[in-house]
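Hi,

Here is the structure I promised to pass on. Below it you will find my notes on what turned up.

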Amino acid sequence: MVVPTLNEADNIDPLLTRLFALDLADSFEVIFVDDGSHDGTSDKVRAWEGRSNVRLVVRREKSDLTGSILAGVALARGEVIVIMDADLSHSPEQLPAVVAPVLDGSHDVAIGSRHVPGSGTEGWPLHRQWLSRLGDWIARPLGDVSDTTSGFFAFRRELAATIAEHACGCKILLELLVAGQGKLSVVEVPISFRDRTHGTSKLSFHHQWMYLQRLMTLAGGTVSFGSAGRFAAVGLLGIAIDILLFQWLMNRGAGLALAHIVSFFAAAAVNYSLNSKWAFRSLHADYPRWPHFGRFLTVGLFALLMRGGVLALLVYGWHMPPMLAIFPAVAATAAINYLGTAFHVFPVTQNPTSADMRWRVVSLGIVAFAILLRLIYLGQAQLIPDEAYYWNYAQHMDLSFLDHPPMVAWLIWLGTAVAGDNEFGVRIGAFICGLIAMGYLYALAYNLYDKTTAMRAVLLLAILPFGFVPGILMTADAPLMAAWAATLYYMERVLLGDGNRGWLGLGVAFGLGILSKYTLGLLGPAALLFVMLDPASRHWLRRPQPYLAAMLALLMFSPVIIWNMEHNWVSILFQSERATGIGNKFSLHWLFLHMLLMLTPVGLVAAAMALWRGGDDRTGSCAARRRLFVRVFTGVPLAVFFCLSLFGAPKFHWTGPVWLALLPTMAWMMGQGAALRTTARRVLAAWRPTIAVFLFLYAFALHYVVLGIPGIPYVGFSEHYFWREATHEVEQIVGAVQQQTGQKPIVVGMSRWSVATSLAFYNKSENGEPMDIRSRNLFGDKAAMYDFWYPPDPPTDRPIILVGMVPKELERNRQGHEISPMLVQPGPILERMIFREGKPLRKIYYRLAQGYLGQTNQPCLEEEC
């Protein structure tokens with residue numbers, strides 16, 4: 001036993017008395033390592049040295065807990081080492097239980113854990129418990145245990161040689177676990193932890209900072225007090241340059257985007273020069289220049305694009321003056337620069353971490369950046385028409401809707417009720433659903449493979465388009481992704497894990513899924529096929545749990561059934577027509593193109609390889625069942641879409657959730673390295689640039705639509721975007737018409753629902769009534785839910801303003817009929833260019849009429865007559 005001490009004189013006698021009261025015979029020795037006590041601790045230990053198994057080591061070096069423990073281990077004669085505190089917070093009576101798994105050879109390390117079932121913490125103030133939990137939580141990516149900060153543990157003596165030569169700090173268990181690189185057999189033994197009754201705690205802010213510093217070093221970052229201090233000094237100079245240049249440019253009329261981009265790069269150039277030559281030079285004197293310059297540029301670009309979102313949030317969202325907003329914006333992105341510099345620009349070159357550990361750190365960093373990127377831009381990017389349409393769902397709450405079940409409306413209603421009727425309120429549900437999908441995917445991949453694979457699977461979900469986009473846009477795909485991931489997790493638990501308790505979760509997840517989108521129902525036939533093919537699962541056909549889960553899901557789905565019964569099953573018929581083919585033409589090539597968009601080229605190749613292999617090649621029933629699970633729950637939904645594309649054009653996003661079942665296997669293949677064949681190794685090598693490029697594209701696109709990029713005009717997609725500015729222009733047109741005629745005009749969005757719903761969301765009139773908005777069903781076209789919300793009006797002499805995205809929408813309806821005969825004195829088609837800060841954004845097209853004659857005046861086509 002090695003017991004480090006620092007001013008623990010009052011605890012020595014009771015500790016040794018209780019230890020020698022244990023029935024351990026003479027099979028143990030106690031080595032006290034004193035680290036400079038001045039309260040007589042050493043004298044107390046010397047009084048016990050008459051016993052052959054009590055020894056004292058007095059260190060004269062700088063006080064360091066890890067150094068003290070290693071000094072004691074070096075003198076130990078036993079083959080099993082136990083570390084415990086001297087303050088009696090670790091009960092000596094629990095020693096036999098902690099050391100037993102190592103003594104009997106079943107485990108390499110046994111940890112006295114405070115965070116497993118059966119354990120507890122007594123007498124600690126709440127803030128200390130939270131600090132301990134936080135310390136354990138941030139270390140979880142490196143250590144695969146729940147109590148990485150425990151000071152009570154046992155291990156085989158030879159493992160001490162694996163600890164890094166320069167190890168320091170107060171948590172040697174973490175050093176031991178990281179040194180084992182995931183190859184150790186570790187068990188956590190529940191203990192009851194009690195706060196000390198004598199003496200004072202040695203925990204200080206210095207120890208907490210040392211812990212964070214060592215944690216980052218073990219993760220592969222270049223971190224030290226010296227480098228951090230020098231980086232801070234360089235950073236302060238860069239901040240001064242950044243802020244002063246930003247304010248100078250703003251005072252001379254530069255736009256927000258131009259000012260912050262120019263000032264950032266000016267400051268970054270100074271920072272790079274000083275960091276490479278001073279702040280990190282002592283650690284990387286011989287580091288190649290150009291590779292880490294490219295890495296520095298990469299980190300800088302990501303920090304810049306994130307900072308644009310922070311600025312937009314502060315200036316546009318919180319209405320803070322730009323001259324003040326630049327201060328928190330600079331501060332918020334300083335952490336990205338520091339962490340990126342420490343881990344990516346100047347990483348550890350001596351004693352580098354294992355590939356497994358690097359994957360964990362990379363996955364954690366990229367996923368954290370992707371989540372933060374979504375959160376920052378969530379309320380700044382304007383709604384796309386689809387989101388505005390679903391917001392209109394929430395304004396007309398019902399049991400279900402024509403083209404989707406009600407979950408998306410429920411989430412938007414809840415989000416806007418809490419966060420306000422704005423973009424953030426609409427999208428917060430999508431953000432939370434994205435986190436839920438990540439959590440369930442992590443658990444699924446962890447069960448199928450291991451922790452590192454699970455972290456890579458979440459990385460892929462955060463980066464691939466089919467995972468990133470639903471996490472920031474509030475469409476029906478957002479709750480579908482979360483429910484699909486949850487359903488797969490519970491499917492794995494009940495079918496592979498054979499767990500009875502998973503059926504309740506499965507019923508709830510499946511019910512929520514079909515309340516989100518009918519597509520999740522495809523997992524039902526997949527589950528049935530798996531049970532039929534897997535002999536070990538067939539017994540579930542004779543058990544009540546699957547049928548009770550199905551009944552629960554059906555009960556949750558009952559609002560949709562009731563709504564359809566009240567509306568002649570119109571939604572079921574509508575979705576059936578869509579499923580049997582949009583356009584009634586062969587579209588298999590479009591399916592592959594959509595898969596390419598959802599997965600990226602590298603992802604599509606990796607998915608094909610993973611589906612072919614199904615996972616690892618190990619023999620045995622467990623590996624075979626895992627491969628069958630992956631293939632069935634990916635293959636069945638994919639086969640359905642394959643068949644449908646033979647007769648009609650599928651939507652590009654339909655296959656998105658299908659890949660969730662395959663992501664764990666794709667992530668597992670990423671970690672195989674040399675074990676892969678040539679093609680697989682090439683795919684593995686292509687993942688790095690793919691991840692970087694797509695993360696950059698997401699950040700760039702968000703910055704582009706929110707703040708703009710100097711020199712790059714808005715082209716291509718703008719007719720479907722910038723509806724806030726477009727609505728303002730339409731409001732001006734409405735005001736002018738109402739002033740001229742004395743009547744409130746009817747505004748008709750001349751698309752199925754895009755124009756009408758977007759105008760409705762952004763028509764936040766504070767001075768007067770909102771616009772009276774209709775959709776194109778006024779002229780005999782289908783308009784989705786507008787057919788239910790606003791049936792065609794009778795003839796009226798109120799002015800009519802037709803608004804469209806393209807001119808042809810204002811001339812004819814979808815059937816090819818001219819709409820002029822249905823209008824009173826229709827005018828010509830007019831256009832208006834919309835600007836923001838002098839920069840052209842888009843055009844809108846509109847047409848004025850003096851009244852509406854109704855659909856009875858609709859002419860027939862020549863062939864119809």
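Beyond its neighbours within four places in sequence, S758 is in contact with P385, A388, W723 and T727, where contact means heavy atoms within 4.5 Å. S758 sits in helix α29 (residues 754-762) and is buried, at 1% relative accessible area; buried means under 20%, exposed over 50% and partly exposed in between, with a 1.4 Å probe and protein chains only. A polar atom of the S758 side chain lies 2.8 Å from the backbone oxygen of S754.

A word on the source: this is a predicted model, where local features need pLDDT of at least 70, side-chain atom pairs count only at pLDDT 80 or more, and totals for chains, interfaces and linings use all residues. Residues are numbered from 1 along each chain as its sequence is written, and side-chain values use heavy atoms, leaving out hydrogens and water.

Now the sheet. Five strands make an open, mixed sheet in the order β11-β10-β12-β15-β14. Helices (H or I, at least four residues) and strands (E, at least two) are DSSP runs numbered from the N terminus, and two strands pair if DSSP finds at least two bridges between them. β11 (772-775) and β14 (829-836) are the edge strands; each has a single partner strand, so one side of each lacks a neighbour in the sheet.

Strands β12 (residues 800-804) and β15 (residues 839-849) run antiparallel and are joined by five bridges. Within β15, L848 is the bridge partner of I801.

Best wishes

How values were computed
A polar contact is a pair of N or O atoms within 3.5 Å; within protein, one must be able to donate a hydrogen and the other to accept it, and residues adjacent in sequence count only if both atoms are side-chain atoms.
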